[in-house]
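Colleague: I am new to this structure. Please take me closely through one part, the contacts made by its side chains.

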Amino acid sequence: MNLSLLFMVMFLVMSGFGIIIPVLPFFAENLGATPTELGLLMAVYSLMQLLFAPVWGRLSDRYGRKPFLLLGISGLALSFFLFAIANTLSLLFIARIIGGMLSAATMPTATAYVADVTSVEERGKGMGMIGAAIGLGFIFGPAIGGVLSKNDLHTPFWLAGCLSLATFLLVLVFLKESLPKEKRTHRAPKRLALSIWKEPVMFLYLLQWFVSFSLAGLEATFAYYAAQRAGLHSVELGYIFMMMGLASAFVQGGLIGKLIRTFGEGKVIQSGIVLSALGFALILLVHNFWTAAFYLSIFGIGNGVIRPCLSSLITKQAPDSEGSAAGFLSSFDSLGRLVGPPLAGWLFTITAYLPYVLGIALCSLAFLCYYLFVAKQKSHAIG
């Protein structure tokens, strides 16, 4: 029951977040934003997520998951309503900063919640369900936002805010706290952070950084690449990303638990990295709609299985600090999304295929990180 409700909560949260994605560039442009300012508007959100996700995750280990899940959802609602009434660019930046700071609590606390309510054997399946909810939210949200923005650019923000408020009430009334008081930890934050940097798990965080770095670079450049190579436009690209998202969500929601039980998180992570690298290589061969949809779906399946497995593996490494562990994971994810788009965009201006060559290189580094994690873990066990 708890996992099903959390699935619905994360789907609603990400649908609300996704609603504004196709609208934000045009909304900011109407208020006089230059392309550089639009880039900063996107980056400041990721920066706030990077800084605050570990803080909220750590506090959820002390005070419980539900208060910080509510904090994250309320932060999203507030930022959406500020967008809806914004008439200056500075107010847009304020909305993004507030939204980034507070909504950074959502993902780590949801991840830690799953770790609280699942057994070690079922954790990967639970993480996959959350990943599927997020993926489906990102599929349906932008589609709704695009339709609603035709008449008025403010409407998607009002809807996103109301959806977040409804999600807030759903959590407040129906979702039970997953971390009883006797299981809450009060370890010193500084000591906890230092211990993570010294442990083998650090290589898993770096792996997540490389993966999100490569994904963010693809998301930032593929529209231009597909237009140049195959003459594809926005409607066709919308269908392509929808197919990619559905393929990823299907594997996360339906197969990830069976895959982990059969092969273990490590094998699934390695397979996901290999599929992601193969997807990047195949993207270099895109020449029409169907090849783009097929190759991107291969990438999406590979990329989609990595995060649930990492979340499962990392929270198992920190049985008393799942919130902190999930917070650091979200932070590294945000770091990848912060640096990926500008670097990939710059490489694209040099030669169109360079961002995808970089993606293959980043997948290779991610693969290396997993092997370094295993090697260091073995040396710790011997020592």
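Modeller: What follows covers salt bridges, then aromatic pairs, then a surface patch and the cysteines.

This is a predicted model, in which local features need pLDDT of at least 70, side-chain atom pairs count only at pLDDT 80 or more, and totals for chains, interfaces and linings use all residues. Residues are numbered from 1 along each chain as its sequence is written, and side-chain values use heavy atoms, with hydrogens and water left out.

Salt bridges come first. Side chains of opposite charge can pair when their charged atoms come close. The rule here asks for a side-chain nitrogen of Lys or Arg within 4 Å of a carboxyl oxygen of Asp or Glu. The count is 8 salt bridges.

Take Glu-265 and Lys-316. Their closest N and O atoms are 2.6 Å apart. Glu-265 sits in helix α11 and Lys-316 in helix α12 (residues 289–317), so this pair ties together parts 51 residues apart in sequence. Helices are DSSP runs (H or I, at least four residues), numbered from the N terminus. Glu-265 is buried at 8% relative accessibility. Lys-316 is partly exposed at 27%. Buried means under 20% relative accessible area, exposed over 50%, and partly exposed in between, with a 1.4 Å probe and protein chains only.

Helix α11 (residues 234–283) also holds Arg-261, whose partner Glu-122 lies in the loop between α6 (106–117) and α7 (123–148), so that pair ties together parts 139 residues apart in sequence. The closest N and O atoms of Glu-122 and Arg-261 are 3.5 Å apart. Both ends are partly exposed: Glu-122 has a relative accessible area of 30%, and Arg-261 has 47%.

Helix α12 takes part again through Arg-307, which pairs with Asp-333 in helix α13 (residues 322–350), 26 residues apart. Arg-307 is buried at 18%, and Asp-333 is buried at 15%. Shared partners also join Asp-61, Arg-65, Asp-116 and Glu-322 into one salt-bridge network.

Now the rings. Rings of Phe, Tyr and Trp (its six-membered ring) pair if their centres lie within 6.5 Å; planes under 30 degrees apart are stacked, over 60 edge-to-face, and the rest tilted. The whole structure has 23 aromatic pairs. Phe-17 and Tyr-45 have ring centres 5.6 Å apart and planes at 40°, so the pair is tilted. Phe-17 lies in helix α1 (residues 2–19) and Tyr-45 in helix α3 (residues 35–63), so the pair ties together parts 28 residues apart in sequence. Phe-17 is buried at 16%, and Tyr-45 is buried at 11%.

Trp-209 and Phe-213 also form a tilted pair, 5.4 Å centre to centre, with 55° between the planes. They are 4 residues apart in helix α10 (residues 202–230), about one helical turn. Phe-213 is buried at 9%. Elsewhere, ring pairs link Phe-222, Tyr-225, Phe-241, Phe-280, Phe-299 and Tyr-356 into a cluster.

Phe-174 is a contrasting case. It lies in helix α8 (residues 155–174) and is exposed at 54%.

Last, the cysteines. A disulfide is a pair of cysteine sulfur atoms within 2.5 Å. The count is 0 disulfides. For Cys-309, the nearest cysteine sulfur is that of Cys-363, 15 Å away. Cys-309 is buried at 0%. For Cys-369, the nearest cysteine sulfur is also that of Cys-363, 12 Å away. Cys-369 is buried at 5%.

Methods:
Helices (H or I, at least four residues) and strands (E, at least two) are DSSP runs, numbered from the N terminus.
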